[in-house]
Amino acid sequence: MSSIFAYAGDSPCKDIIIDGVSRLCAEKFELCGISMKTEDKIEIIRMKGKAELLGENARELGNEGRIGIAEAMAAHRCKPSGLTAPPASNEFFAAALDGAIENFDSLKAWAKSTVPIATDEDLLLALLTKMRELEPLEIMTNLSRSLQGGAGFAFIPENEEAIYIKAGARPIVAGICEDGYCVSSELFAIVPYSNKYFLIEDGELAKITYEKATVYDSRLRKIKKPLYNSFGYDAPLEGYMLSDSLSSLPFAVRDTVSSFTKNGALSFDPLKISKRTISKIDRIIITGSGESFRAGALAAYCLEALTDIPSAAIPASELKSSGVFFDRNTLLIAVSAGGESRDTVDCVRRAERFQALTLGVTSGSLSTLERECKRVIKARVKKTDSPLHRYISAALSLLLFALMLGNKNEILSDMYLSVAVKLAELLPGKVLSASKTNQNTYPCAQKLLAAESVYASGTGADYLISMEAAALIRQELRVNASALPLSELSNEGEALLNGSLVAAFITNRETLGSALYYLRRCSSLGAELIIFTTADIENEISGFESVISVTDSLPVFDTLVALSALSKTLDTAKAILAKEEEQQAG
């Protein structure tokens with residue numbers, strides 16, 4: 001396991017790459033280092049331990065370097081020490097790896113290096129050195145064919161002012177700075193330096209210099225990459241980074257949106273759902289278990305609003321044995337990340353017996369759900385992904401499907417759909433923005449930790465997102481949390497609300513007045529409040545201290561962005577707990 005950070009520009013690179021690799025470091029990373037190219041040589045500092053110590057150890061390096069590379073990794077094939085720390089370098093190259101090399105032993109035998117090869121980085125350097133007479137782009141294509149395991153890599157040749165990059169199974173982010181480029185395995189590491197970024201994706205190659213970044217496909221044909229907006233990020237606590245789940249969430253959103261958009265339009269072509277088929281649908285039922293059901297509940301609410309077709313969500317465990325009647329005019333949407341949920345599959349089989357139309361939402365390749373359903377949406381989420389990833393990917397897939405259905409049902413205009421697609425393509429940036437430290441994030445996290453019990457709440461779609469919010473709070477903080485509609489919660493007595501915390505979502509302007517009324521009532525009964533809302537609505541909220549706002553999007557997407565802001569608050573709460581435990585242990 002490893003991650004890389006690199007910089008090429010007009011500014012001295014030492015402090016930038018030390019900061020970049022420090023942002024990447026986590027407890028699982030035991031080794032780190034930086035390498036810089038100066039006028040006449042490649043300099044390197046490697047060490048065992050935390051990245052914040054790199055600054056002290058790097059004092060002996062000069063400040064004239066304008067191009068550098070860094071890596072943080074967990075010890076994989078070696079005993080952790082300064083000698084085995086990354087990156088690897090010699091008089092010809094500095095090299096860093098993003099991932100691991102599966103065919104290490106066979107390539108090590110082929111390299112026949114006179115220098116000991118203890119790590120994957122050592123092997124990468126040996127292979128580079130063996131092929132040093134070739135052009136760098138040719139070296140990259142040869143390495144791409146040789147390395148197995150989905151690893152990406154980056155290297156700096158001694159005789160050229162450039163960084164060469166090959167992306168592996170996960171994309172590498174290239175940020176455009178004022179005076180050059182920074183490159184990282186993780187998006188959050190580059191946002192302090194970049195307002196725009198592009199992605200170098202699986203199998204793609206890139207050459208980055210001070211003035212220019214060129215991306216190639218595997219056949220060395222140049223590719224024009226789309227640019228995305230990035231937003232500033234400040235860590236809530238010194239030495240703390242976003243959790244893996246939260247830091248990779250923008251990529252999960254991007255992958256989901258790109259699965260169903262093509263040339264600026266929604267694309268569900270394999271479904272082959274015609275207007276005639278839609279006109280025969282009298283009702284829609286969505287089913288699933290856990291976060292799949294909760295995603296379906298949000299989607300059912302939006303489906304009915306966007307399509308004018310009566311829609312409902314029913315847990316698979318209840319639907320499989322309930323008295324719900326299926327017929328030819330019913331569309332059953334079954335949601336399961338792995339595609340093997342027994343209750344969900346049983347619901348599909350029951351619906352099929354009554355000749356209902358069935359649609360599966362899954363990523364399980366050749367799964368039971370995929371075989372049983374007449375039509376399938378691939379949601380780009382794995383059973384092994386975090387619950388937050390699974391929820392947002394399933395919900396977003398269904399919301400995009402609802403937009404398409406509403407357009408085909410002639411409820412939504414082509415213009416509305418076009419705007420919706422553009423806003424969907426901006427969602428990764430908005431989710432990243434929600435991961436940015438808000439001035440209220442830290443105090444809200446403290447409120448969560450101090451609460452005796454937590455109620456996640458809202459009205460309409462906001463209540464439905466609060467169901468997932470309550471589940472996240474239980475999972476991440478191990479505290480008692482449940483979801484109730486605001487109207488019901490405000491009618492509870494002081495005995496229940498006094499000393500509790502209400503985490504409320506308000507993303508719908510139409511319900512703003514009633515939501516604020518209910519919240520004030522909860523406050524009068526002794527409840528602490530945290531409000532997650534949009535920037536537009538925040539301007540109209542007064543009298544509430546703990547408000548966290550997110551940038552506005554389409555109303556059906558705002559709930560997902562607000563949920564990302566809650567996840568950031570939970571991330572901060574866990575950081576507070578970790579710091580307290582560290583201090584107690586010290």
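Start by selecting H13 and H17: H13 passes H17 in a right-handed crossing, meaning that the near helix is turned clockwise from the far one by less than a right angle. You are looking at a predicted model, where local features need pLDDT of at least 70, side-chain atom pairs count only at pLDDT 80 or more, and totals for chains, interfaces and linings use all residues. Residues are numbered from 1 along each chain as its sequence is written, and side-chain values use heavy atoms, without hydrogens or water.

Helix H13 covers residues 387-408 and helix H17 residues 461-477; their axes come within 11 Å and cross at roughly 165°. The axes are lines fitted to C-alpha atoms over the stretch in contact, with angles from 0 to 180 degrees between N-to-C directions. H13 and H17 are therefore roughly antiparallel (over 145 degrees). Helices here are DSSP runs of H or I with at least four residues, and strands are runs of E with at least two, numbered from the N terminus.

Now show side chains. Pro387, Leu388 and Tyr391 of H13 meet Leu464, Ile465, Glu468, Leu472 and Gln475 of H17, with contact meaning heavy atoms within 4.5 Å.

Next, select Pro310, in the loop between helix H9 (291-307) and strand E19 (311-315). Pro310 is partly exposed at 44% relative accessible area, a class that lies between buried (under 20%) and exposed (over 50%), using a 1.4 Å probe and protein chains only.

Finally, zoom out: the chain has 22 helices and 27 strands, and buried residues make up 56% of its 586 residues.

Note on methods: Parallel < 35°, antiparallel > 145°, perpendicular 65-115°, else oblique.
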